[in-house]
Amino acid sequence: TDIMNFDFMDPPPRESLKHALETLLILSAVGTTENLQLTPLGQKMAHFPLDPKLAKVVLKASDFECGEEILSIVSMLTVESVLYSPHGKRDSAGAAWKKFYSPDGDHLMLLAIFRAYKKVKGNSAWCKENLSTGAT
(Lines give C-alpha, C1' and ligand atoms only; values in the text may rest on other atoms or scores of the structure.)
Protein backbone atom coordinates (compact mmCIF):
# COMPACT_ATOMS: atom_id res chain seq x y z
CA THR A 1 0.00 0.00 0.00
CA ASP A 2 1.27 3.45 -0.91
CA ILE A 3 0.66 5.30 2.34
CA MET A 4 1.60 8.67 0.85
CA ASN A 5 -1.21 8.35 -1.71
CA PHE A 6 -3.70 6.41 0.40
CA ASP A 7 -7.29 7.63 0.09
CA PHE A 8 -7.82 8.72 3.71
CA MET A 9 -11.28 10.02 4.65
CA ASP A 10 -9.52 12.84 6.49
CA PRO A 11 -5.88 12.81 5.36
CA PRO A 12 -3.18 13.92 7.77
CA PRO A 13 -0.73 16.59 6.60
CA ARG A 14 1.77 15.15 4.12
CA GLU A 15 4.68 16.31 6.29
CA SER A 16 3.26 14.34 9.23
CA LEU A 17 3.14 11.19 7.14
CA LYS A 18 6.70 11.76 5.95
CA HIS A 19 7.93 12.28 9.48
CA ALA A 20 6.10 9.17 10.73
CA LEU A 21 7.60 7.03 7.96
CA GLU A 22 11.09 8.39 8.64
CA THR A 23 10.68 7.54 12.31
CA LEU A 24 9.57 3.99 11.48
CA LEU A 25 12.54 3.60 9.12
CA ILE A 26 14.97 4.80 11.79
CA LEU A 27 13.43 2.37 14.29
CA SER A 28 13.76 -0.49 11.75
CA ALA A 29 10.00 -1.03 12.00
CA VAL A 30 9.57 -0.89 8.22
CA GLY A 31 11.82 -1.93 5.35
CA THR A 32 13.45 0.45 2.91
CA THR A 33 11.65 3.45 1.44
CA GLU A 34 10.89 1.28 -1.60
CA ASN A 35 9.46 -1.51 0.60
CA LEU A 36 7.40 -0.04 3.42
CA GLN A 37 6.29 -3.41 4.76
CA LEU A 38 6.54 -4.00 8.49
CA THR A 39 9.70 -5.81 9.49
CA PRO A 40 9.48 -8.63 12.05
CA LEU A 41 10.45 -6.06 14.68
CA GLY A 42 7.78 -3.66 13.37
CA GLN A 43 5.18 -6.41 13.59
CA LYS A 44 6.06 -6.96 17.26
CA MET A 45 6.03 -3.20 17.91
CA ALA A 46 2.55 -2.94 16.38
CA HIS A 47 1.16 -5.14 19.16
CA PHE A 48 1.94 -2.52 21.79
CA PRO A 49 -0.50 0.35 22.39
CA LEU A 50 2.50 2.67 22.63
CA ASP A 51 4.37 5.26 20.66
CA PRO A 52 6.66 3.28 18.31
CA LYS A 53 9.79 4.57 20.06
CA LEU A 54 8.55 3.30 23.42
CA ALA A 55 7.47 -0.02 21.91
CA LYS A 56 10.97 -0.59 20.57
CA VAL A 57 12.51 0.32 23.92
CA VAL A 58 10.27 -2.23 25.66
CA LEU A 59 11.15 -4.92 23.13
CA LYS A 60 14.89 -4.26 23.32
CA ALA A 61 15.04 -4.00 27.12
CA SER A 62 15.67 -7.71 27.54
CA ASP A 63 18.81 -7.40 25.40
CA PHE A 64 20.22 -5.19 28.17
CA GLU A 65 18.64 -7.07 31.11
CA CYS A 66 16.65 -4.04 32.25
CA GLY A 67 13.10 -5.07 31.45
CA GLU A 68 11.62 -4.22 34.85
CA GLU A 69 13.22 -0.79 34.87
CA ILE A 70 12.10 -0.02 31.32
CA LEU A 71 8.53 -1.15 31.98
CA SER A 72 8.42 1.08 35.06
CA ILE A 73 9.77 4.10 33.17
CA VAL A 74 7.52 3.57 30.13
CA SER A 75 4.51 3.20 32.43
CA MET A 76 5.38 6.50 34.06
CA LEU A 77 5.77 8.16 30.65
CA THR A 78 2.37 7.00 29.42
CA VAL A 79 0.29 8.63 32.16
CA GLU A 80 -0.20 12.28 32.99
CA SER A 81 2.56 13.69 35.13
CA VAL A 82 2.82 11.92 38.45
CA LEU A 83 4.13 15.11 40.03
CA TYR A 84 1.79 17.78 41.28
CA SER A 85 2.77 21.41 41.71
CA PRO A 86 0.09 23.30 43.64
CA HIS A 87 -0.60 26.83 42.46
CA GLY A 88 1.82 29.22 44.11
CA LYS A 89 3.98 26.44 45.58
CA ARG A 90 6.40 25.72 42.76
CA ASP A 91 9.45 26.32 44.92
CA SER A 92 8.37 23.88 47.61
CA ALA A 93 7.38 21.35 44.94
CA GLY A 94 10.82 21.62 43.36
CA ALA A 95 12.45 21.15 46.77
CA ALA A 96 10.37 18.02 47.43
CA TRP A 97 11.31 16.55 44.05
CA LYS A 98 15.05 17.11 44.54
CA LYS A 99 15.39 13.85 46.47
CA PHE A 100 14.47 12.00 43.27
CA TYR A 101 16.75 13.99 40.98
CA SER A 102 19.15 12.00 38.83
CA PRO A 103 22.07 13.61 37.01
CA ASP A 104 21.46 10.96 34.35
CA GLY A 105 18.13 12.46 33.34
CA ASP A 106 14.39 12.63 33.86
CA HIS A 107 13.77 8.99 32.99
CA LEU A 108 15.88 7.83 35.91
CA MET A 109 14.17 10.40 38.10
CA LEU A 110 10.84 8.79 37.18
CA LEU A 111 12.29 5.39 38.04
CA ALA A 112 13.42 6.71 41.45
CA ILE A 113 9.91 8.08 42.07
CA PHE A 114 8.34 4.76 41.11
CA ARG A 115 10.69 2.79 43.36
CA ALA A 116 10.02 5.11 46.31
CA TYR A 117 6.26 4.87 45.72
CA LYS A 118 6.48 1.10 45.54
CA LYS A 119 8.58 0.97 48.72
CA VAL A 120 5.84 2.76 50.70
CA LYS A 121 3.15 0.65 49.00
CA GLY A 122 1.37 3.68 47.54
CA ASN A 123 0.84 5.42 50.87
CA SER A 124 -1.29 8.51 50.25
CA ALA A 125 0.48 10.51 52.97
CA TRP A 126 3.78 9.84 51.19
CA CYS A 127 2.20 11.02 47.95
CA LYS A 128 1.03 14.26 49.52
CA GLU A 129 4.35 14.86 51.24
CA ASN A 130 6.27 14.29 48.02
CA LEU A 131 3.74 16.16 45.88
CA SER A 132 3.05 13.08 43.86
CA THR A 133 -0.42 12.59 42.42
CA GLY A 134 -0.39 8.96 43.40
CA ALA A 135 -1.03 8.04 39.76
CA THR A 136 2.00 5.77 39.57
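How many aromatic pairs does the ring rule count? The count comes to 3, where rings of Phe, Tyr and Trp (its six-membered ring) pair if their centres lie within 6.5 Å, with planes under 30 degrees apart called stacked, over 60 edge-to-face and the rest tilted. Before you click, note that this is a predicted model, with local features needing pLDDT of at least 70, side-chain atom pairs counting only at pLDDT 80 or more, and totals for chains, interfaces and linings using all residues. Numbering runs from 1 along each chain as its sequence is written, and side-chain values use heavy atoms, leaving out hydrogens and water.

**Stop one: the ring pairs.** Select F6 and F8, an edge-to-face pair at 4.9 Å centre to centre, with 70° between the planes. F6 is partly exposed at 44% relative accessible area, and F8 is partly exposed at 26% (buried is under 20%, exposed over 50%, partly exposed in between, with a 1.4 Å probe and protein chains only).

Now pick F100 and W126, also edge-to-face, at 6.0 Å and 65°. This pair links distant parts of the chain: F100 sits in the loop between α5 (90-97) and α6, W126 in helix α7, 26 residues apart. (Helices are DSSP runs of H or I, at least four residues, numbered from the N terminus.) F100 is buried at 7%, and W126 is buried too, at 13%.

**Stop two: the core.** Which residues make up the largest nonpolar core? Select M76, V82, L83, F100, M109, L110, I113, A116, Y117, W126 and C127, 11 residues in total. Such a core is a set of buried Ala, Val, Leu, Ile, Met, Phe, Trp, Tyr and Cys residues joined through side-chain atoms within 4.5 Å. Two or more residues each come from α6 (106-119) and α7 (124-129), and α6 gives the most, with 5. Zoom in on A116, which touches F100 and W126, not counting residues up to four places away in sequence.

**Stop three: two helices.** Show α4 (residues 67-77) with α6: they pack at about 100°, axes 9 Å apart. (Axes are lines fitted to C-alpha atoms, for helices over the stretch in contact, and angles run from 0 to 180 degrees between N-to-C directions.) That makes α4 roughly perpendicular to α6, a label for angles of 65 to 115 degrees. To see the contact (heavy atoms within 4.5 Å), select residues including I73 and M76 of α4 and L110 and I113 of α6.

How values were computed:
Parallel < 35°, antiparallel > 145°, perpendicular 65-115°, else oblique.
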